Every structure is written in structure tokens, then in C-alpha cells.
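Thank you all for coming; I would like to take a few minutes to go through one structure with you. Please have a look at the sequence and the coordinates first, and then I will take up a few features in turn.

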Amino acid sequence: MTTKEFNVPSIHCKHCVHTIEMELADMDGVKSVKGDLDSKKVVVEFDQPATVESITDTLKEINYPPED
Ligand SMILES: [Cu+2]
């Protein structure tokens, strides 16, 4: 299991957090997703076939691109 924290500056309300949590939780290999409105961070626990790259791609597709 890998845990990765993503910075997602475009999170601006609880609906954003909800959308991100639902979309990422839908991915094969993603075990848990916890988004935080105040810090604009999303913590994802995952195994293969999910990867940092595939999670990043999904976040971009739904218009919540992660930043370093
Ligand atoms: Cu929002």
C-alpha cells in the first residue's frame, strides 16, 4: 500500500472535496481517499494498478490538477 498526499489548489468548497473523493475512490486499486478543504490536500491510499501518475491524470481530467 502506498500513501500519497496531493496538493490541489483548485479545491474551493466541500463539493470539490466530494467530487474528488468519489472520482478517485472509483479507480481500481484506490483503497481510500480523504480530502481536506482547509489545507486543499487529498490523501490517497492505493495499490496497483493505481499509480501516482494515474491518480494525477484523473485529477487533471476532472479539472483538479495537483501541484507540487
Ligand atoms: Cu467546490
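Predicted model: local features only at pLDDT ≥ 70, side-chain atom pairs only at ≥ 80, totals over all residues.

Let me begin with a definition: a disulfide is counted here as a pair of cysteine sulfur atoms within 2.5 Å. With that criterion in hand, the structure holds zero disulfides.

Let me turn to the salt bridges, of which a search of the whole structure finds two. In one of them, the side chain of Lys-41 meets that of Glu-5, with an N to O distance of 3.9 Å. Because Lys-41 belongs to strand β3, which covers residues 41-46, and Glu-5 belongs to strand β1, which covers residues 2-7, this pair ties together parts that are 36 residues apart in sequence. Both partners fall in the partly exposed class, with Lys-41 at a relative accessible area of 27% and Glu-5 at 44% relative accessibility.

The other salt bridge joins the side chains of Lys-34 and Glu-21, with 3.8 Å from N to O. Here the pair links distant parts of the chain, since Lys-34 lies in strand β2 (residues 30-36) and Glu-21 in helix α1 (residues 14-25), 13 residues apart. Lys-34 itself counts as exposed, at 54% relative accessibility, the threshold for that class being over 50%.

Finally, a word on Thr-58, which is found in helix α2, spanning residues 52-61. Is this threonine buried or exposed? At a relative accessibility of 13%, Thr-58 counts as buried. And which residues does Thr-58 contact, once its neighbours within four places in sequence are left aside? Those residues are Leu-24 and Met-27.

Methods
Residues numbered from 1 in each chain as written. Heavy atoms only, no water. Helix = DSSP H or I, 4+ residues; strand = E, 2+ residues; numbered from the N terminus. Buried < 20%, exposed > 50% of the residue type's maximum accessible area, 1.4 Å probe, protein only. Contact = heavy atoms within 4.5 Å. Salt bridge = Lys/Arg side-chain N within 4 Å of Asp/Glu carboxyl O.
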